[in-house]
Amino acid sequence: MSEKRIGVFICESAGGSEGSLDLRSLGKHVSSLPEVSFVRFIDQVCKETGQAQMLQALNKDEVDRFVVAACSPLSKERMLMRLAAEAGLNPFMFTIANVREQSAFVHSKAGADLKAKRLLRMAVEKCRLLAPAPYDVRIPDSRTVLVIGDGLRAALAAEEARALGLEAMILVEEGMLRLPRFLDDALAEPLKRSEEGSPIIAGHLASLDGVPGAFDVLTEGKTSGTLRCGAVIMAFDPLPAKLEEGIMGPMHFEELVASGAPLPLSLVIVVDDWKSDFHSPQAMEWAMRTAVAIRTRSPESSVRILCRDISSRGELESEQLRAQRHGTIFVRTERMPTITPGVKATVRTVDPVVGELALDADAVILVGSDLNAGSASTCFVLGLAMRPDGMPRESKVRLRAGESLRAGIYVIDPWSEWSGADVRSDCAAVAARAAALLLSPGIEEGGAVAQVEAGKCSACLSCVRICPYGAPYVTEERKAEVRYELCQGCGMCVTSCPSKAIDMHCYSDAQIAAEGKAALKEPRP
Amino acid sequence: MKAGSNLEKVLRDGRFAVTAEIGPPKSASAESVRRHAEEMRGCADAFNLTDNQTAMARMSSIASAVVLIEEGLEPVIQMTCRDRNRIAMQSDILGASALGIKNVLCISGDHQTFGNQKEAKNVYDVDSIQELMILRKMRDEGRVWSGEELEVAPRLFLGAAANPFADPFEFRVARLAKKVRAGADFVQTQSIFDMERFERWMELVRVRGLHEDVHILAGVLPLKSHRVALYMKNRVSGMLVPDAIVERMKAAKDPKEEGVRICVEQIEHLRSIEGVHGVHIMAPMWEERVPEIVRRAKLRPDARIE
Amino acid sequence: MIIGEQKPLQEICAMLEGHQRILVTGCRSCVAICLAGGEKEVGILAESLRLHSDLRGRDWEVTEFTTERQCEKEWVRELSDLVAKSDAVVSIACGVGAQTIQALFPEVRVLPGLNTSNMGAPEEPGVFMEKCGGCGDCVLHLTGGICPIVRCAKGMLNGPCGGSQNGKCEIGHDTPCAWEEIYHSLERLGRLDLLEELIPPKNWLPSRSGGPRRIVRPEAVLTREEKEMRG
Amino acid sequence: MKIIGYVCSHAGYAAADLAGEERLQYSPDIILIRLPCAGRIDVVHLLKAFREGADMLFVAGCLEGNCHHHYGNHEARKRVDQAKSILDALGMDGRRIEMFYLASNQGWKFKEIADEMMRRASELGPNPLEAKG
């Protein structure tokens, strides 16, 4: 292996305001390490002047990689990627020794000095094993969003996307959207615009290839064909439950409310979460908000909510309190109640405390996890993990709402707020996510991604099964490959591969081992 | 007459047959077999000797049967598929026949993991239906399974087991039919507690006319205690014990008496079912109570063999 | 595929007592896929053995190699140099692999690090079920595509024994009753009539009872002349 | 003592950074190796570290049900359990390695983990390999 040339930068303010690190001796220590070409002290790495100094040094000394002893990579990594690129290096050819937050700030002076040396040694050892990582900044090829859905949400998402400067197409099995009959003005107008502006394709998704910004879609059904789009939004409405006299789904109830017709005097809302362990907070929220709205509008009516789990957590807790203050009765039942339809529908169930119950109601609303077949089949085609109601699992709901597990595929959860205006804001938010992708100057891909050594692969599918993002696939040569455009760099495929055919950039097995070795080499304190 | 056994005669004559079970001892002494013979003498038309029941090594059923014959009682030997391949099976049958044994019950046998030597290698060269086929061929054609002729054919009255309480329920009657076609002359059922299911099964048996082709002996088992009832209900695969019976045993002041009473009631009921030609009483480790059950159920078996 | 399971670590360590230069070898075929003996497991076992040696001052030298298919001589020959430097080879391929190594390298101790269990398939990730008993005379056409020879604890051929209840086998409630499955499979296929057939005692000759089995494909067999011609 | 924590970027490493911001002091014997996700950890890494003299190891990932990569923390737990059983089999005490879950805003919890590992280290003593020299 040819000699590596490593430049080391030590940030003068890494010691913190306390100045507790002996940076000079740190510099002396690191300069003796193998393959280190130079050590430079930089006044402040995060300042422009500091970066200019670093850039100059990198250009002058012809190093092919560098190490920075400063503060946390979590805050400095992106800045240093840019710097590496400017210096004509692969943007991942550097490592960081976090001698500030993880040494200077947390240990006594003597301990911190020793540990900083260790950390820097580890960073150098890891740096020696770096290899240029695949990296691309790809300009999105298409600014079209394909909206797959069946009703209100699909129409709104398409319109919101168009409002943000994207093109939108709507894919719906029947060739027309199923829209509520009664709409307030806030919704009617954008819907009309959407119908005018977004072409509708009759059919369903048969396959999707390509990468975010350039998906190739095959549709089947009434219209079979191919199309190109940059992003996909899944925007299915909640399914109406099977309707019989006195029983309705949420959409129908919303229509009833919007129509101004008299509201039922006694109402039972069944939140159907018995089918599986799946508990939909959104369905519960819908039920509670509906209860409050009804009691506000007609205080003489009675509302009961039946569900398996009546203890709400987080923000739902305040919703529940509000509903209870408005006189909503919560009934816990351990199995799906039986509902007898009729002008007076009857709901029979067993309360674990009270025992058998029979509740009469003018109307029963079924809210819950009925399988949306359209959504489920779309999930299947896209390889997305599904909830029991057929909706795709969202990527970390709280932090990346609206994103599915697959890059470039977005999701509108049908169990969003019940009033029309809020449905719209949901759709707008998701459309904005798609716009952020497709209108960006470039989609960054690569870096710490997994890579297969085909010769070692047995096509056992371990990687395909474990990847949350659908990045690995098996080629026609029957070898696994990882689409780095989709890889999020978690490394689970690397660990699970029984043939050790996968490794990853920036966190290779050899690097992890080298860091461990460097950390442990020194005689114990 | 296929074998000319007492059991065969009783069944042929249309009398209600009684058989009872004797578990051979874990001993090289046949003393307990003789004792049970004494206790139950005159109570049944024939006595079943289990074959390493629950996969525990015990005195062989053939040897125990010979002891019983010496005592003047008629044995039914059980022969499982677990412990011998087809060669050993046929050889044992020839020997048993030579020693005067006429009734054989063909069963697959409890899996060895129930026994006290779980690590044993099981045989299962043939299954219980194939065992019937082999034994029938020996008797009817005077040949071993491969076709080679025997000098003297064994005279056998062939039995099979049937479990109306195992699953799939729909297949249980079809399986009985297969056993009949394979050569079963009589059938002993698993212990009956769930009378309702048994009657449903018998109905299906009658629909297929099987009750006319084979003698069905209904199995009964007197419960000794509430604990035994629970054990049978929860731990024994292929056994259905209704809660009502468990409750009766639990509520009883004298559970042993209650167990006998339930058993007697069951026998009386079973006797009234069309197609049930007898009862098979299983009282493992409680053989001494069998005479009382037989007496109280007003069964009048004409006890001994000549 | 062939399903196996590594022997307990202590057992492997005990077998290795008295040896010093140890080659741990796995296989990229079945045992890799059933997560028992691929390169990853070779790495873990080798590292465990090194740790064992360090802890007890044994001075073991442990090397690692994973063959493409340990049942084939051509691939096993790749081990030549490593075997020459070893006094024991731990094979975590199946028993076939271990024997192939021993046959090719008669001078070295070959130790099994894996218990070869059965021919089966992954049921779900991490769960492997026995599916085929290799009886040499397949009956799946009679049993709705479910093998009663190995999936029934008693290998019954004429229907379930009396211990079948609620779809479970009498030997344990996590073992499905194969005959229950066969019944429902044939029910779905509309072929319950097949269950009425009396299946006679099976010919076990093509099975283990016929001695070690040897399959010959005449069209692939080389005559003595051909062997000579091809060197 | 020599203690290595293999920590995920999103929770373990970030929590340690926060502990730094908050100046929560812990032993400098604790060194972190940053992983993209706890699910990246492999049994071999852990065994190697023990062989090279680590006294204690831990893996820290996101809180249960909240893993940035959905289930990487569960994968990590399985690896840690496997390593524990190997250590036990070799007579090295599986308590020398532990799995922890925390969130990026729990600097205090990172300090607790660090302190717990130190406490356990003093209970179990140094890596037995050290005694051999």
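In this legend set, two strands count as paired when DSSP finds at least two bridges between them. Keep in mind that everything below comes from a predicted model.

**View 1. A four-stranded open sheet in chain C.** Reading across this open sheet, the strand order is β3-β2-β4-β5 of chain C, and the pairing is parallel. Out at the edges sit β3 (61-67) and β5 of chain C, each pairing on one side only. Ignoring direction, neighbouring strands here are turned by 25 degrees against each other on average.

**View 2. Zooming in on the bridges of the chain C sheet.** Start with β2 (residues 21-27) and β4 (residues 88-91) of chain C, a parallel pair held over four bridges. Which residue of β4(C) stands opposite Thr25(C)? That would be Ser91(C). Move along to β4(C) and β5 (residues 109-112) of chain C, and you find another parallel pairing over four bridges. Val89(C) has Val110(C) of β5(C) as its bridge partner, while Ser91(C) stands opposite Pro112(C) of β5(C). Ser91(C) therefore makes a handy landmark, since DSSP bridges define the pairing, with Thr25(C) opposite and Pro112(C) opposite as well.

**View 3. Two helices against the chain C sheet.** Helix α3 (residues 39-56) of chain C lies across β2 and β3 of chain C, and its run makes about 160 degrees with β2(C). Helix α6 (residues 95-104) of chain C also packs on the sheet, where it touches β2, β4 and β5 of chain C. The direction of α6(C) is at about 175 degrees to that of β5(C).

**View 4. The parallel sheet of chain D.** Chain D has an open sheet of four strands too, ordered β2-β1-β3-β4, with parallel pairing. At its edges are β2 (30-35) and β4 (97-102) of chain D; each has a single partner strand, so one side of each has no neighbour in the sheet. Between neighbouring strands the average turn is 20 degrees, direction ignored.

**View 5. Inside the chain D sheet, with its helices.** β3 (residues 56-62) of chain D runs parallel to β4(D), and six bridges join the two. Pick out Ala60(D) and you'll find Phe100(D) of β4(D) standing opposite. Helix α1 (residues 9-21) of chain D packs on the sheet and touches β1 (3-8), β2, β3 and β4 of chain D, with its direction at about 125 degrees to that of β1(D). Helix α3 (residues 72-89) of chain D packs on the sheet as well, this time touching β1, β3 and β4 of chain D. The direction of α3(D) makes about 165 degrees with that of β4(D).

**View 6. A helix pair in chain B.** Helices α6 (residues 169-182) and α7 (residues 195-207) of chain B pack with their axes 10 Å apart, at an angle of about 50 degrees. That angle is why α6(B) counts as oblique to α7(B). The crossing of the two, α6(B) and α7(B), is right-handed. From α6(B) the contact uses Arg172(B), Val173(B) and Leu176(B); from α7(B) it uses Trp201(B), Leu204(B) and Val205(B). Sorted by class, this helix contact has five nonpolar residues, no polar ones and one charged.

**View 7. Where chains A and D meet.** Of the four pairs of chains that touch, A and D have the most contacts. Chain A brings 33 residues to the contact and chain D brings 37. On the chain A side, α4 (100-104), α5 (109-128), α14 (492-496) and α15 (509-521) each supply at least two residues. Which of the chain A elements gives the most to this side? It's α15(A), with seven residues. The class tally for the side of chain A that touches chain D is 16 nonpolar, nine polar and eight charged.

**View 8. Chain B and its surroundings.** Chain B is in contact with chain C, through 27 residues of chain B and 25 of chain C. The chain C side of that contact has 12 nonpolar, nine polar and four charged residues. No contact joins chain B to chain A, and the closest C-alpha atoms of those two are 22 Å apart. No contact joins chain B to chain D either, with closest C-alpha atoms 25 Å apart.

Terms used
Residues numbered from 1 in each chain as written. Chains lettered and ligands numbered in written order. Predicted model: local features only at pLDDT ≥ 70, side-chain atom pairs only at ≥ 80, totals over all residues. Contact = placed C-beta atoms within 7 Å. Nonpolar A, V, L, I, M, F, W, Y, C, P; charged D, E, K, R; others polar. Axes fitted to C-alpha atoms, helices over the stretch in contact; angles between N-to-C directions. Parallel < 35°, antiparallel > 145°, perpendicular 65-115°, else oblique. Left-handed = near helix turned anticlockwise from the far one by under 90°.
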